[in-house]
Structure formats: structure tokens, C-alpha cells
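Please read them alongside the sequence and the coordinates.

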Amino acid sequence: MTDKALSFRLPTPRNLGYSFNWVGRIGLLVILFWAVVAIIGPEIAPYPPGEIVNWDYFTPMSHDYLLGTDYLGRDVLSRILMGARYTVGIALVSVFLACAGGVILGMVAAVVGGWFDMILSRLLDAFNGIPSLLFGLVTVAAVGSSIPVLVLTLAAIYLPGSYRFARALSVNVNTMDFVTVARARGERTPYLILREIFPNILGPVLADLGLRFVFIVLVLSGLSFLGLGVQPPNADWGALVRENIEGLSLGAPAILFPSVAIASLTISVNMFIDNLPTKIRDRS
Amino acid sequence: MLRSLTTWMLVGQRLAIALLTLVIVSFAVFFATELLPGDVAQILLGQAATPEAVAGLRKAMGLDEPAILRFLGWLAGLLHGDLGTSYVNHMAVAQLIGDRLVNSLKLAGITTLVSVPVSLVLGISAAMWRGSILDRVVTVLTISVISVPEFMVATLAVLIFAVWLGWLPALSYAADTSSFTAILKAYAMPVITLTFVVSAQMIRMTRAAVIETINTPYVEMALLKGARRSRMVLRHALPNALGPIANAIALSLSYLVGGVIIVETIFNYPGVAKLMVDAVSTRDLPLIQSCAMIFCVSYLSLITLADLIAILSNPRLRR
């Protein structure tokens, strides 16, 4: 051991144990690709996404319309590029809200403990007892569908899971010697949470955030597919599948490619998270 | 096996938690559908209604009572089987749901009958020959199914079985029950889709449960004694993995609840989920409440069942 520690090693990602294998790299590439598309997609779209450009509907792939046209004769490629902004954007905002809320509450509950912890845990566990898609259906039924409502609903659905995960990790860290020492020093709760607990659960929490992102994309697409998510004339990928469902019996590209887009995003996030260096994933 | 008093206390505790959860869930459903949308009387009568008419209807519907009393009244009605009346066609909700519930349960039942044996065989053999081609194919397939939305599995199934192979009708639910093959055809597509969705979870969990048992020292001992791989897994490991596997089955069946919503909508299957999705688009709140409660109760009971199996089958939890 001492030999290893003393010998000179360049602090490259590989030597520090932070390198990805090729499956993880492919996943990361696809994620970055869709992230870029979500930002610049509408600018590089060949046609305006809402405009009817061809009088023929469900046309196959052609030179003019790379991915064919949809049920109204709109360009599918442009609509997918625009849809990326809705799917990726809504899912990202909701996952950050869900995880930020869940992690903060989880750390506080673990450090404070007692009644606060017990009541909060019971309450949020109860919300875990509502199936996620159903939760979405009920809120959309109650207040109607708009993008802020979707973001908040999705965040609310996945907050309890994130809370549970963060709390379990924090409880483990909380019993460690350095936390006890900090407590004995007389440090206050905010310090304990921010400087002692948080840095030590960050890795697994980020991995959890990735998985939750996948779930949120799936539920969002499901809601949009049921016609209760992003409302026309805007469309995320789930809504694109829904509006072109009649092209299914024709095997139209208008229904294939939005599905492929969803699958490529969710599968690559899963691939990326599965192949994260263990140093990040299982830090505690 | 004699179970001690503490086991039953653990079971009782779990049931009490389930009951408490149910109360909280029903409050959430009631709150979301009754209080969030604003004035129900106003919604029902439309924008043109006079304030007097709205006030009259509010009184008639009991909307002027405090929310907590209305919640208790609703809960009591629910327990007596009085689910209220639909806003849209003024029929009793219980009557609307009745047949639909039977249809949904049929779909869920058939899916369970198909998916449980398939998943057990695939999950156990994947664990038995870990790292083999079979295992790798199964792993990749299950991960793919889990990471795509349910409607995509349905779309793919339609593309493969209806469009390319031409075996089954595409999107229509045929109410034709004249012959056995007609019934088979009507159920095939929804059942295939749901089986894929549920089995993917079940196979993964079964495989994990068996592998965890294989990794224990006593199974390694069986291997060292020279037992064949099949004997080592089936005779030595499997009996101890039965608890976790049963737990996995109950947990994965809870994915039916989400899957059924999508599948019934796609295939136009006349079940509770389709009824609920339609009710959401017409904002028929009493109908939504009852359907939501049906789903929550089935979801909760499956999760609770999974936990109870885990408690009863694990001697270490008995203490």
C-alpha cells in the first residue's frame, strides 16, 4: 500500500478512478447530443415546426423531408428537434426540483431526527403509495394541464423517492466519527448538513438524479401520450407519438422516430448511470 | 414453521401502516379533485350561471360544508359502496364502474397468469447460467423494456404482430365474443404488451434474488461437493430464494397499475383505466375519484402484500 501511495502517478481521471468505460461514454455522448439539440434545435430545424409543408400526410423519408411528414403534413424532423426542448427541458427542471427538495428534506430529517423525521417519513412514504401516472392524471384532471403544472406535478411525484434515498444515505453518514466530532465541537445543524453530510452523499445522489430523470421522462411521455401532458400546438415527444398514432398501421416514420428519440434518451441515461465509476456511485 | 408473537406484531404493524397510508392517499385524492379545481358548482353550471343558481347548487350538493366534513362524508360513502353520481351523464358511479372493473380485472388476471411462469423460468435460468448468452440477451432485453415508455412497447407490439406479421388486428378492441379465436385475438395485444412491461421487472428481480442466494456460502459448499449446477440452484438455492421471489412478483405486479392505464387507452379496451382517462378529459370529478381510489387500493395492497411476504419468509426479520 505505501509503495503505491508514494510512487509518482499523474492525477488523470483514469488514475483517480474516475474514468468511464465505452458503454458509459456512448451514453454520455447521446445525452450531450440531446442536450445540445434541446438548446439549439429550433434554430437548425429545416422547417418551422408548426407549419404544414407538404399536402401529403405520413410520407416516408425523403430528401426534402428527412424523417417524412406527420398526419397534417408537417416536417417530422423539425417537430422532433422542437420536441426535445419540451421533453428534456420539463424533465430537467422537474428532476432538479424533486431532488433538491428531497435531498434537503432528507438531510435535515437525518440530522434532526426525532418526531420531525418520523412524521415526515411517514407522510412522504404515504405519497409513495400513489402510482406515479395516476398522480399525474388526478392533478391534471383537477387543475388542467400547463407546463408549470406539469413541472410541479412531476417534481411532487418523485420528491418522496428522492427524500427516502437521501435520508437513508445521510443516516449512515450521520453516525460516522467525523460528524460526531463536528457535533462535539459545537457546530450547528446547517453546518453539519452542508459541510459534513452533503459532500459525502453527493455522488450517489447524482446517480439517483439520473435514474429519476429517466422515470420523469417516461411519466411525462405517458401523460402526453394520453393527451394530458404538453398541449397542442406544442408537442413533446410523447405528444408526437399520440398525434401520429393513426400512422401506426402504415408503419409511418412520423410515429417511429419520436419513439426512437425517447428510447435513445432514456436508454443512454441508464447506460451512463450503470457505468459510472464506482468511486462516484457508491461513495459511502 | 412456528412464528413467534413478534412476527405477528410486525405483520400487524405493517397492516396498520398500510391503513394509515390509505387514509392519507384518499385525503390526497379528495383534496386534489375537490378543493384544487375551485368552485365545482360554478364549473357545472358554466360561466353564464347567476350567483343565486350557483349558491343553490352549492347548498344542494353540500359544498358549503367544511372540507373536512365533506371528506368524512365521502369516505363513509366509499365504505358503503356509495360512490356518488357522475357529473356528465348523472348515472351512479358504481354502475358505470361495475362492468369496467370486471374487464380490467380479467385483463390483469390473464396477464398475471401468462407473465408469472414466463418470468420465473427466464429469471431463474438467467441466474443459473449467469454470464451465458441467454443471460446477456435477457438482461439487455429487460433493461430496454424498462427504460422505454409503456406506449412504446405497445406500439412495437402492434408494428410487429399486426403490421408486419399480420396475425392480429391492430388497434381496435373487437367486442366480438362469438368464437374462442375471436376472444383470443381481442385479448392478445393488450396482454402481450402488459406481459412485456410486467415481466421485465419480474425477471430482473427474480434473477437478482436467485443470484443473491447463490452467492451464499452454503450454496458454494454444494458446488464444492460436486453438485450439478441445476441441482445447486434448484435444490439448494431456490427454496431460500422463494420469499424474495414472491416479494418480487407482488412488487412487479404493481407495475400493472401504471401499464394498464396506457394499454387500455391504446387498445381502446373498455376497462376502468379507459373510463378514468375519459373522465379526466371531461373533468368528471366523482368518477375520477372512484377510479383513482380503485387504482390506489390495488397498488397499495400489492405493495403491502410484497412486504408481508418479505416479513413472513425472512427469519431474520422475525427476531
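Predicted model: local features only at pLDDT ≥ 70, side-chain atom pairs only at ≥ 80, totals over all residues.

1. Residues are numbered from 1 along each chain as its sequence is written, and chains are lettered from A and ligands numbered from 1 in the order in which they are written.

2. Chain B contains 14 helices and zero strands, where helices (H or I, at least four residues) and strands (E, at least two) are DSSP runs numbered from the N terminus. Of its 319 residues, 37% are buried, a residue being buried if 20 or more other C-beta atoms lie within 10 Å of its own, exposed if 12 or fewer, and partly exposed in between, with C-beta atoms placed from the backbone.

3. Helix α13 of chain B (residues 285-313) includes B:Ala306, which counts as partly exposed because it has 19 C-beta neighbours inside 10 Å. Apart from neighbours within four places in sequence, B:Ala306 is in contact (C-beta atoms, placed from the backbone, within 7 Å) with B:Asn247, B:Ala250 and B:Leu251.

4. Between the chains, 40 residues of chain B are in contact with 37 residues of chain A. On the chain B side, the elements that each supply at least two residues are α1 (5-35), α6 (133-146), α7 (150-164), α11 (255-266), α12 (272-282) and α13. By class, that side has 30 nonpolar, eight polar and two charged residues, with Ala, Val, Leu, Ile, Met, Phe, Trp, Tyr, Cys and Pro counted as nonpolar, Asp, Glu, Lys and Arg as charged, and the others, Gly among them, as polar.

5. In chain A, the unreviewed UniProt entry annotates "transmembrane region" over several spans, including residues 88-113 and 209-230; such annotations may be inferred rather than shown by experiment. Residues 88-113 of chain A are 96% helix and 0% strand, with end C-alpha atoms 36 Å apart, while residues 209-230 of chain A are 77% helix and 0% strand, with end C-alpha atoms 23 Å apart.

6. The axes of helices α3 (residues 22-44) and α4 (residues 76-112) of chain A come within 7 Å and cross at roughly 140 degrees, the axes being lines fitted to C-alpha atoms over the stretch in contact and the angles running from 0 to 180 degrees between N-to-C directions. α3(A) is therefore oblique to α4(A), since angles under 35 degrees count as roughly parallel, over 145 as roughly antiparallel, 65 to 115 as roughly perpendicular and the rest as oblique. The residues of this contact divide into 10 nonpolar, two polar and one charged.

How values were computed:
Contact = placed C-beta atoms within 7 Å.
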